[in-house]
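The structure is shown first.

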Amino acid sequence: MKNPKVLVAQMEITPNNPKENFVKIKSFFSEAKQNNCDFIVFPEYCDGFFFPEFFVKDHPKKFLKTMQKLSKENNIYCVAGSILEKIDGKYFNSCYAISRKGEI
């Protein structure tokens with residue numbers, strides 16, 4: 001890929017409000033598609049969950065599925081900024097790369 005176009009989404013995150021953050025995320029995908037971007041990169045905790053005490057079971061899976069869907073629909077590679085995951089009782093700050101086909 002020669003000279004890929006990248007949109008870095010610097011967004012104001014609304015804490016503990018994934019629905020509001022997804023509205024913002026979708027608008028960034030739309031902007032990236034309109035500008036023929038190859039990649040879109042989201043910031044840490046773009047879903048809005050910062051602290052373990054606000055962790056919502058199954059949210060990371062739902063978040064990733066939505067990001068995969070948006071990547072595929074818009075034909076854009078995506079770096080889904082770090083999200084809080086609970087694995088074996090411990091919390092991790094995870095980041096995912098998603099292909100244009102929606103594959104992690």
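A search of the whole structure finds two salt bridges, a salt bridge being a side-chain nitrogen of Lys or Arg within 4 Å of a carboxyl oxygen of Asp or Glu. The model is predicted: local features need pLDDT of at least 70, side-chain atom pairs count only at pLDDT 80 or more, and totals for chains, interfaces and linings use all residues. Residues are numbered from 1 along each chain as its sequence is written, and side-chain values use heavy atoms, with hydrogens and water left out.

| Salt bridge | N to O distance |
|---|---|
| Asp38 and Arg100 | 2.6 Å |
| Glu73 and Lys69 | 3.8 Å |

Asp38, in the loop between α1 and β2 (39-41), and Arg100, in the segment after β4, are 62 residues apart, and their pair links distant parts of the chain. Both Asp38 and Arg100 are buried (buried: under 20% relative accessible area; exposed: over 50%; partly exposed: in between; 1.4 Å probe, protein chains only).

Glu73 and Lys69 lie four residues apart in helix α2, about one turn of the helix. Glu73 is partly exposed at 47% relative accessibility, while Lys69 is exposed at 51%. Helices (H or I, at least four residues) and strands (E, at least two) are DSSP runs, numbered from the N terminus.

Within α2, the buried residues include Phe63, Leu64, Met67 and Leu70. Seen down the axis of α2, its buried residues fall within an arc of 130 degrees, so they line one face of the helix; the arc is that of the directions from the helix axis to the C-beta atoms. On the other side of α2, exposed residues include Lys61, Lys65 and Lys72.
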